[in-house]
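Trainee: Hi! Could you walk me through this one? I'd like to begin with a pocket.
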Amino acid sequence: MADISVIIPCYNVALYIDRCLTTITSQTIGIDALEIICVDDASTDDTWANLQTWEQRYPDNIMLIHCDENGRQGTARNIGLSYASADWIAFIDSDDWVELDYFEKLYAITQLGECDIVSCQNIRDFSTSLTYFDDRSTGKENRFMLIDTVEKRKLFFNLQSAGFAAWGKIIRKDLLIDNQIYFPERLAYEDSYWGPLLHFYAERVYLIEESLYHYFVNRQSTVLQMDADYHTDWLTVQSMKWNAWEERGFLAEYREELEYDFLCTCYLGFLKINFLRYTQPSYSLFLLAKEITLEKVSNHQQNKYIKEGLTEFYLALLDSLTLPISKDQFLQLAEYSKSYWNAAKK
């Protein structure tokens, strides 16, 4: 039986899936250690035909699943997880790729002692061809984290130490199944629900300070599309996340940490989406984000993490949560914020 089930959600990635699968089938750990599950999410290009070619090449190692309706990445990942037979799970996005010793490096740690997650670093990669990193070191030491107290859990959660994204790590399958850590379905931005939830259940985490994962900056990706209806999914997913925390009993012990996270994601996170992903930022959506946030977090000024964790720019943005902001003032704030973020890129 394979050691790792590799789950790859695929939607209209005919241009990129060959690069992704080339690096996975060429892993130094050996292909027989991997169960590669590709879930085609009702692609309309040649993705499915490309996947069938790969399955014919590796019939014992690649499993294909075809969806008749598009359910977005969360649905595809959940479907892949339901088919996974290995003890360890890896999620890889189909336009990304990995270093050739990615799985050997991560899996070797699991053989040294008990772990729930083994994570590595990633680099944003703009390459349209298959390239590998010349320098993978981050200059930091690898470290093992034992999260066995409430205070350690608070720090682990606040820092999102294992990474909020599904990719860039391997995860013990039982951790996901036993704690029902699944992705929201038919919604964009599913990672922003799943990643924080994962941080409440992992107890033994190993962080490899090497860049082994290539995160492709795809201009056609979900998060970079302009004026897309699904950008409002961000608010839906944040509300789902809060409801999950409430249902699972986390608020009693971790309310201040969760309120800080909600301020940063539901409010500040959506401000950035609103300002950068809409040709004309929406005042109505701005008011909706305020309403949703204030319903959950009524007295954010008292939160101890705000001054510790936010820069002056984000503190100023957070002021708009409780100030009466007119539409003209909102548009001025949007222009100022875009100028700030564009300057920060340079």
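Mentor: Happy to. The second largest pocket has a volume of about 160 Å³. Keep in mind that this is a predicted model.

Trainee: Which residues line the second largest pocket?

Mentor: The lining is made of His300, Gln301, Asn303, Ile306, Lys307, Leu315, Leu318 and Asp319. By class, that lining has three nonpolar, three polar and two charged residues.

Trainee: And which helices supply at least two residues each of that lining?

Mentor: Helix H11 (305-309) and helix H12 (312-319) do. The largest share, three residues, comes from H12.

Trainee: Let's zoom out. How many helices and strands are there in the protein chain?

Mentor: The chain has 13 helices and nine strands. Its C-alpha trace spans about 60 × 45 × 40 Å along the principal axes.

Trainee: How does the radius of gyration sit beside that of a compact globule?

Mentor: For 346 residues, a compact globule would have a radius of gyration near 20 Å, and the protein chain has 21 Å, so the value agrees with that. As for burial, 55% of the 346 residues count as buried.

Trainee: Changing topic: how many aromatic pairs does a search of the whole structure find?

Mentor: The search finds 29 aromatic pairs. One of them joins Phe91 and Trp194, which are edge-to-face, at 5.9 Å centre to centre with 85° between the planes.

Trainee: Why does that pair tie together parts that are apart in sequence?

Mentor: Because Phe91 lies in strand E4 (residues 88-91) while Trp194 lies in helix H7 (residues 191-198), the pair ties together parts that are 103 residues apart in sequence.

Trainee: Are Phe91 and Trp194 buried or exposed?

Mentor: Phe91 and Trp194 are both buried. For a stacked pair, look at Trp167 and Tyr213: their ring centres are 4.8 Å apart and their planes are at 10°, and stacking calls for planes under 30 degrees apart, so this pair counts as stacked.

Trainee: Where do Trp167 and Tyr213 lie?

Mentor: Trp167 is in the loop between helix H5 (150-159) and strand E8 (169-172), and Tyr213 is in strand E9 (residues 204-216). The two are 46 residues apart, and their pair links distant parts of the chain. Both Trp167 and Tyr213 are buried.

Trainee: Which residues do ring pairs link into a cluster?

Mentor: The cluster takes in Tyr267, Phe275, Tyr283, Phe286, Phe313, Tyr314, Phe330, Tyr336, Tyr340 and Trp341.

Trainee: What about charges? Which ring does the charged end of Arg19 sit over?

Mentor: Arg19 has its charged end over the ring of Phe216, 4.8 Å from the ring centre. Likewise, the charged end of Arg77 sits over the ring of Phe183, 5.0 Å from its centre.

Trainee: Now the backbone. What is the phi of Asn12?

Mentor: Asn12 has a positive phi of about 50°, although it is not a glycine. You'll find Asn12 in the loop between strand E1 (4-10) and helix H1 (17-25). With a relative accessible area of 28%, Asn12 is partly exposed.

Trainee: And Gln160?

Mentor: Gln160 is not a glycine either, and has a positive phi of about 45°. Gln160 belongs to the loop between H5 and E8.

Trainee: Last one: why does Cys67 count as buried?

Mentor: Because its relative accessibility is 10%, and buried means under 20%. Cys67 lies in the loop between strand E3 (62-66) and helix H3 (72-83). From Cys67 to Glu257 is 38 Å in space, C-alpha to C-alpha, and 190 residues in sequence.

Conventions:
Residues numbered from 1 in each chain as written. Predicted model: local features only at pLDDT ≥ 70, side-chain atom pairs only at ≥ 80, totals over all residues. Heavy atoms only, no water. Phe/Tyr/Trp six-rings, centres within 6.5 Å; stacked < 30°, edge-to-face > 60°. Helix = DSSP H or I, 4+ residues; strand = E, 2+ residues; numbered from the N terminus. Buried < 20%, exposed > 50% of the residue type's maximum accessible area, 1.4 Å probe, protein only. Lys NZ or Arg CZ within 6 Å of the ring centre and 35° of its normal. 1 Å grid on protein atoms, 1.4 Å probe; cavity = no way out; pocket = protein on both sides within 12 Å on 5 of 7 lines; lining within 4 Å. Points joined across faces, edges and corners; volume = space filled by probe spheres on them. Nonpolar A, V, L, I, M, F, W, Y, C, P; charged D, E, K, R; others polar. Rg over C-alpha atoms; globule rule 2.2 N^0.38 Å.
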